[in-house]
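Colleague: I'd like to go through this model with you, feature by feature. Could you give me the general idea each time, and then the case here?

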Amino acid sequence: MFRPKHHWQPAEQQRHAVAGTLPTGRRHRDGESVDALCERTVSTAGHTELDWLWPTCPDCLRAAERLNGIPS
C-alpha cells in the first residue's frame, strides 16, 4: 500500500503539501503556520469543504512527486 510522505493542507487560497503525515483525527488549527514543500511558510485555512476546492500549488505538487519517488 502506498503511504505518501506528505499531507495536503488548504492555505492561502491554494492546497499546499506539508511533509509528514497527520495522525488520524488530527488537523492543523486555522491560522497555524506550516512549512510547505514549496519552501514557503503558509498560514493554514479553515476546514470547510470549499477550502479543498482551491487549486493545488504547482511547486508543492512537483516537490511531493519528488519526495514520494514519482517521476515528473
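Colleague: Let's start with burial: what share of the 72 residues of the chain counts as buried?

Modeller: Buried means under 20% relative accessible area, exposed means over 50%, and partly exposed is in between, with a 1.4 Å probe and protein chains only. Here 32% of the 72 residues count as buried. Keep in mind that this is a predicted model, where local features need pLDDT of at least 70 and side-chain atom pairs count only at pLDDT 80 or more, while totals for chains, interfaces and linings use all residues. Residues are numbered from 1 along each chain as its sequence is written, and side-chain values use heavy atoms, with hydrogens and water left out.

Colleague: Now the fold. What pattern does the chain follow along the sequence?

Modeller: Helices (H or I, at least four residues) and strands (E, at least two) are DSSP runs, numbered from the N terminus. This chain has 4 strands and 1 helix, in the order β-β-β-β-α.

Colleague: What does the radius of gyration say about the chain?

Modeller: The radius is taken over C-alpha atoms, and the globule rule is 2.2 Å times the number of residues to the power 0.38. For 72 residues, a compact globule would come out near 11 Å; the chain has 12 Å, which agrees. The C-alpha trace spans about 30 × 25 × 20 Å along its principal axes.

Colleague: What percentage of the contacts with a separation of 6 or more comes from residues 24 or more positions apart?

Modeller: A contact means heavy atoms within 4.5 Å. Of the contacts with a separation of 6 or more, 48% are between residues 24 or more positions apart.

Colleague: On to the cysteines. How many disulfides does a search of the whole structure find?

Modeller: In general, a disulfide is a covalent bond between the sulfur atoms of two cysteines. The criterion used is a pair of cysteine sulfur atoms within 2.5 Å. The search finds 0 disulfides. Take Cys-57: its nearest cysteine sulfur, in Cys-60, is 3.8 Å away. For Cys-60 the closest cysteine sulfur is that of Cys-38, at 3.7 Å, so the pair is too far apart for a bond.

Colleague: Are those cysteines buried or exposed?

Modeller: Cys-57 is buried at 3% relative accessibility, Cys-60 is buried at 0%, and Cys-38 is buried at 12%. Cys-38 lies in the loop between β3 and β4. Beyond four places in sequence, Cys-38 is in contact with His-16, Cys-57, Asp-59 and Cys-60. Its C-alpha is also 7.7 Å from that of Ala-17, 21 residues away in sequence.

Colleague: Next, backbone angles. Which residues other than glycine have a positive phi?

Modeller: Most residues other than glycine have a negative phi. Glu-12 has a phi near 50 degrees, and Glu-39 has one near 70 degrees. Glu-12 sits in the loop between β1 (6–11) and β2, and is partly exposed at 39%. Glu-39 belongs to the loop between β3 and β4 (41–43), and is exposed at 77%.
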